[in-house]
Amino acid sequence: MGVLSNKIQRDQLRPGDHIYSWRHAYLYAHHGIYVGEGKVIHFTRGAGQEIGTGTVLDRIIFSSSPSHSPDNPCPKCGDQSSLDGVMSSCIDCFLSGGDLYLFEYGVNVAFFIAKARGGTCTHAPSDPQQDVLHRAFFLLQNGFGSYDIFKNNCEDFAIYCKTGLLVYTSISVGRSGQAASFLAAASAVISSPLRFLTTSFTGLGAVGCGMYCVSRLVSDIGIRRDVIKIPVERLTAPRGLDVAEFATEVVKTD
C-alpha cells in the first residue's frame with residue numbers, strides 16, 4: 001500500500017474493505033465491498049442493458065458485470081450474466097481475472113494529490129466495520145437506485161457503504177473519484193483562463209496538471225461541502241428519498 005499501488009493479497013482482506021479491480025487496460029475500475037467468506041457485494045449494470053448509449057461507455061459498463069457466460073456459469077455464484085443492480089458475487093467473479101486493490105480512506109491532502117489516478121483513495125474517513133456491512137447487506141436486499149456512470153456507479157455505491165455520505169446537489173458528479181478524474185482531465189486546460197498566459201507545451205502542461213489536481217481535490221467526498229450523511233433505511237423509504245429535502249430538514253433541526 002502506498003502512492004504507487006494499492007494492490008493487496010486476498011489473505012489481507014477484512015470484511016468491510018472497499019476493494020476494486022481494473023478493467024480494460026486500466027481504463028476503468030470496478031468497485032465493491034468485501035463482506036467475508038470470499039464474497040463481494042457490488043453494484044453493476046446488467047449485461048445487455050448497457051447497449052444503447054452508442055459510445056465506448058457501453059463496453060466499460062459491461063465490464064463490471066460478472067464475466068461467466070450462461071453456458072458456463074460460476075460454480076459458486078451460478079449464472080449472474082443477466083442480473084443488474086446490487087449483487088453478491090464470489091471474489092473470482094468480481095475480479096474477473098484482474099488484480100485486487102484496496103481503496104484507502106482518511107488520506108491526507110498531499111497523499112491524495114500524489115495519487116494522480118482517481119478512484120483509489122479519499123480524504124473522507126471510513127465508518128466502523130459494522131456500519132459498512134449493515135449498509136452493504138441492506139442495499140443488497142433493497143437496491144441502490146438506477147445505475148449512472150457519472151452520478152451513481154459502483155464506486156459511488158462502495159463509498160456510500162463506507163461513509164454513509166450522499167451528494168445533495170444536482171449540478172455535479174457523484175462521489176466517484178473516477179468520474180471526477182475523467183471530467184477534470186477533459187476540462188483541465190480547456191476551461192481554465194490560465195491557458196492564455198502561456199503558449200509553450202511545458203506551460204500548458206503545468207496549467208493542465210494544476211487544474212486537474214485542484215478539480216480532483218474539490219470533488220473529493222471528503223473535501224466537498226454538498227454532502228450529507230443519510231441512514232441507509234431512508235434510501236428505500238416508500239415515497240423515495242429527496243436528498244436535498246433531507247439536507248434541508250437536517251439544517252432546520254440543527
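# Reading rings, cysteines and helices

Tutor: Phe43 and Tyr147 are both buried. Keep in mind that the model is predicted.

Student: How is a pair of aromatic rings described?

Tutor: In general, two values describe such a pair: how far apart the ring centres are and the angle between the planes. In this structure there are nine aromatic pairs. Phe43 and Tyr147 make one that is tilted, with 5.4 Å from centre to centre and 35° between the planes.

Student: Where does Phe144 lie?

Tutor: Phe144 is in the loop between α4 and α5. The C-alpha atoms of Phe144 and Phe43 are separated by 7.8 Å, although these residues are 101 residues apart along the chain.

Student: Is Phe144 buried or exposed?

Tutor: The step is to compare its relative accessibility with the cut-off, because buried means under 20%. Phe144 has 8% relative accessibility, so it counts as buried. Tyr160 is buried too.

Student: What kind of aromatic pair do Phe144 and Tyr160 form?

Tutor: Phe144 and Tyr160 form a tilted pair, at 6.0 Å centre to centre and with 35° between the planes. Phe144 is in the loop between α4 and α5 and Tyr160 is in helix α5, 16 residues apart, and the pair links distant parts of the chain.

Student: Which residues do ring pairs link into a cluster?

Tutor: The cluster consists of Tyr20, Trp22, Tyr101, Phe103 and Tyr105, linked by ring pairs. A ring can also have a charged group over its face, and Tyr105 is a case. The charged end of Lys162 sits over the ring of Tyr105, 5.2 Å from its centre.

Student: At what angle do α4 and α5 pack?

Tutor: The angle is about 135°, and the axes of α4 and α5 are 7 Å apart. The two helices are therefore oblique to each other. On the α4 side, the contact is made by Asp131, Val132, Arg135, Ala136 and Leu139; on the α5 side, by Phe157, Tyr160, Cys161, Lys162 and Thr163.

Student: How many disulfides does the structure hold?

Tutor: It holds zero disulfides. The step is to look at distances between sulfur atoms, because a disulfide needs two cysteine sulfurs within 2.5 Å. For Cys74, the nearest cysteine sulfur belongs to Cys93 and is 3.5 Å away, and Cys74 is in no disulfide. Cys74 is buried, with 7% relative accessible area. Cys121 also counts as buried, at 5% relative accessibility.

Student: Where is the place of His123?

Tutor: His123 is in the loop between α3 (109-114) and α4. Its relative accessibility is 30%, so His123 counts as partly exposed.

Student: How many residues apart in sequence are His123 and Gly222?

Tutor: They are 99 residues apart in sequence, and their C-alpha atoms are 4.7 Å apart in space. Leaving aside neighbours within four places in sequence, His123 is in contact with several residues, including Gly106, Phe112, Asp220, Gly222 and Ile223.

Student: What should I note about the phi of Glu37?

Tutor: Glu37 has a positive phi of about 55°, and it is not a glycine. Glu37 lies in the loop between β2 (28-36) and β3. With 82% relative accessibility, Glu37 counts as exposed. Ser96, also not a glycine, has a positive phi of about 50°. Ser96 is in the loop between α2 (91-95) and β5 (101-102), and at 29% relative accessibility Ser96 counts as partly exposed.

Student: How many helices and strands does the protein have?

Tutor: The protein has eight helices and seven strands. Of its 254 residues, 48% count as buried.

Key: Residues numbered from 1 in each chain as written. Predicted model: local features only at pLDDT ≥ 70, side-chain atom pairs only at ≥ 80, totals over all residues. Heavy atoms only, no water. Phe/Tyr/Trp six-rings, centres within 6.5 Å; stacked < 30°, edge-to-face > 60°. Buried < 20%, exposed > 50% of the residue type's maximum accessible area, 1.4 Å probe, protein only. Helix = DSSP H or I, 4+ residues; strand = E, 2+ residues; numbered from the N terminus. Lys NZ or Arg CZ within 6 Å of the ring centre and 35° of its normal. Axes fitted to C-alpha atoms, helices over the stretch in contact; angles between N-to-C directions. Parallel < 35°, antiparallel > 145°, perpendicular 65-115°, else oblique. Contact = heavy atoms within 4.5 Å.
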